[in-house]
Structures are given as C-alpha cells and as structure tokens.
Amino acid sequence: MNKNINKERWQQAYEPAPASFRRAMARALDQTKEEPNMRRFTRRAAALTVAILLALAGAAVAVNQSTGVLDFLFGSDAPKPDLPLQTGLPQINANAMGTVSVKVRDAVSDGISLHMAVAFTVKDPKDAILIDYDEPYLYDPGMEMYRELPVSEEGQGQNPFATQAKHANRCLILGTTMANYDGFDLVSDVKWTYEAPGVLVIDYVIDLRESTYRTWASKPSFPLPDPLKLVLTPTLWVLDGKDVYAAGYKHKTLEQGAIEVTVICNDLGQRRYVAANLPYEGEDYRVEDATFIATPLAVYATYRVVDTGEFPGMESTSPLNAGGLYFDLEDENGEALLLRNAHLLPETDEAISFRAEHYYPAHALGDALTVRPRAYVFDEEKQDWDTVYLNPFTLKLKEESR
C-alpha cells in the first residue's frame, strides 16, 4: 500500500463543507465558548486524536458549587431531562486521604455508559488543586517561569483559578484516576471543571460494553455485575515548578487513594437504527454498515469501515488507523452533532477492517443523517496536522424493533 501522500491531491479531491454546515458547527462551538471552564480528555485515544477531539468536543459547564453529571452532559444552564440520578452512593475510604476529600456527588447510566461526577476538595484552605492535564499550561519551559494558564491549544478556555493555584501554599496535582473493576480500568473519557481553587469536579465516563474491550489481550469479566463496585485510585503530587510532561522528568507521588463506590447500571431505554443504504464507497475507504443507538444520555454510533487504498496518515500498520477517519453528523434540520469521543478498533490482524465507535450528544434521530467525514494529514513542511474534509454522504435510517 502506497503511503506517500499527495496532500494537494487530497485537498482537491473533496468539496469543502457548505456554509450551512460551517454555521451550524460555529453555533455549536460558540456554546462551548460561553462556559469556558470545562475540559476533557480521552485516555484510550492517541495523543493526536485527543487534541483534535478536544478542539471539537463537548459542552462546557459554568462554575457553581454543585456541579453534577447532568451539567457535564447538557450544560449547567440548559434544561435537564428528568433522569434517575444516583445520589448518596455508598462510598468507602472517601475521607481517608490526607490532602483531599473525595465525594462521588451523583451518577447516571443508560446501560451503555455510566457517568459519575466526583469532587476533589483540598483539606487545607491554603492549598489549591489542578488536574494533571492542566499542569503544562502553568509552566513555560522556554521562559523557565510560571505564567497564567492560557487559552489552551484545544480551545477549551481558561482556568480562572490559575493565579490562585500558582500562589497557593501548595498546588496539588491530581494525576491519573482509574476506576477499577476486576483489575481493569474502565474509564473511557474524562471531563472536568473547577468550582474554586481548591475544588475540582471530574466526570468519569465508564464504558459498559463488552465490545469495546474485545481487542484487549485480557479484559474484565462480562457481563458486568449490577450493582457495580468500582475502586477509584486518585494519585496526587505537589507542583514543583517543573513540567511533568517534559522529557525525563518524574514527579514524586504525594499519596494515592482507594475509594470504593457502588453504582447501578440502569437501562433508560434505547432506540436502535440501522443505515439502510450502505455500503458507501469513499475515496480509498468503504463504509460497510452503520448502526445508531439513541438514549437520553447520548447517541452511540458504530461504523464498520474498510481501508481500500491510500489514505492520509503517517507510517503505521494501517494509514486509516494512523491518520484517523472521523464522522461528524448533521440532522435533517441542519443541526450539527459534534463528535465527542471515538475509538478505531481493528477487526483483522492486517488492520484493514475497522469498527469505529463514535459518541455524540443526546439527540432525537429522524429518517436521515448527513455524514461529513474528516481525516488528518501530517504536513511534513509545517510539521503539523491538517484537517481534510471528505465528500459528505447521506444515510437513510431505519428504526429497529427491540
């Protein structure tokens, strides 16, 4: 397979997104800019994919004192659906850590994913706390000095408590927090916000589907039990003026917790759809089939994609896997569904056939969806990634009876 990419040929091969779609995307992105404190990270995606998705992902939440899962899902000022929130969840060792208290505020599940809002509050009011993904923006290795947390490269806004965090007695950094079951971390997505310099609230998204873990060498035991007992393992260290992501630097762990919490994996009702007009032949890729599941929490899409030739990407087992192929959606009214999370899972050893699992905000589906594929090309001259918008196509949806 030829992986020498002619970038100009690709750019000329595909029509640009129409103005109506760009306006719809702009409206959706403007909503995220109105509440700039929310951030997100997808741990199982590659670093490139994370940065790209962050630029286009999720609604932000405003600062308040009771941020919960529905704020992360729908926005703090948006109307909230009447969902069976889980509050007062049984927790063990929630106050056992010396520097922070841990409180699982609430949780909600639709049987496919579980969202759990967890607040980390410093015990010493002179301390502050930041999630480790925000730490690089506090330190500028080139200037060797602290600086205000800027508008991040991901476009997710500015931490209003950066100054307080910088001048606090101690700035605690919350590192990777796993949600372990059966010895495996089930966290697939992380979003977070700050309510104060000493209060960090994180939405941990747990993927409950066995199919997501199918390519693992080993995986949790399925079906998952309900109720589900998880062990949260937050790790903390103290900011010491060094960029923890700099090559060769290792931080010293201050403490690690082990908080047990028991949650319920509700099924809130699902509507299932299949695309009736596939396969679709794209330029050097083919979509064999597509299914959609709409729940009160999200729209989950699964596409089976086959690599049929040259595709933008770096040298890798598969160019589709390297560069990434992602599908934004537009409904029949021209409203854009922003892609919030995605996994590309190879189905064959040759990595020619992929199962692409995409996750979108909750949305009522109709009879059709416009798919707007995008890929990423690494520009050797600029040493940076460019987005290539591929030809759009329409899926005719047929609802399945359960």
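Visitor: Which residue in β17 is the bridge partner of Lys-229?

Guide: The bridge partner of Lys-229 in β17 is Thr-262. This is a predicted model, in which local features need pLDDT of at least 70, side-chain atom pairs count only at pLDDT 80 or more, and totals for chains, interfaces and linings use all residues. Residues are numbered from 1 along each chain as its sequence is written, and side-chain values use heavy atoms, with hydrogens and water left out.

Visitor: How many bridges join β14 to β17?

Guide: Five bridges join β14 (residues 228-233) to β17 (residues 259-263), and the two strands run antiparallel. Strands here are DSSP runs of E, at least two residues long, numbered from the N terminus. Two strands pair if DSSP finds at least two bridges between them.

Visitor: What is the order of the strands in the open sheet?

Guide: The order is β3-β17-β14-β10-β11, five strands with antiparallel pairing. The edge strands, each pairing on one side only, are β3 (91-92) and β11 (184-185).

Visitor: Changing topic, how many salt bridges does the structure hold?

Guide: There are 12 salt bridges, a salt bridge being a side-chain nitrogen of Lys or Arg within 4 Å of a carboxyl oxygen of Asp or Glu. One of them is formed by Glu-357 and Arg-209, whose closest N and O atoms are 3.7 Å apart. Glu-357 lies in strand β25 (residues 353-361) and Arg-209 in the loop between β13 (199-207) and β14, so this pair ties together parts that are 148 residues apart in sequence.

Visitor: Is Glu-357 buried or exposed?

Guide: Glu-357 counts as buried, at 3% relative accessibility. Arg-209 is partly exposed, with a relative accessible area of 21%. Buried means under 20% relative accessible area, exposed over 50%, and partly exposed in between (1.4 Å probe, protein chains only).

Visitor: Which residues are linked with Arg-209 and Glu-357 in a network of salt bridges?

Guide: Asp-207 and Arg-355 are linked with Arg-209 and Glu-357 in that network.

Visitor: And what does Glu-330 form with Arg-372?

Guide: Glu-330 and Arg-372 form a salt bridge, with their closest N and O atoms 3.6 Å apart. Glu-330 is in strand β22 (residues 325-330) and Arg-372 in strand β26 (residues 368-379), so the pair links distant parts of the chain, 42 residues apart. Glu-330 counts as buried at 9% relative accessibility, and Arg-372 counts as buried at 10%.

Visitor: Where do the side chains of Lys-219 and Glu-210 meet?

Guide: They meet in a salt bridge, at 3.1 Å from N to O. Lys-219 is partly exposed at 32% relative accessible area, and Glu-210 is partly exposed at 40%.

How values were computed:
Helices (H or I, at least four residues) and strands (E, at least two) are DSSP runs, numbered from the N terminus.
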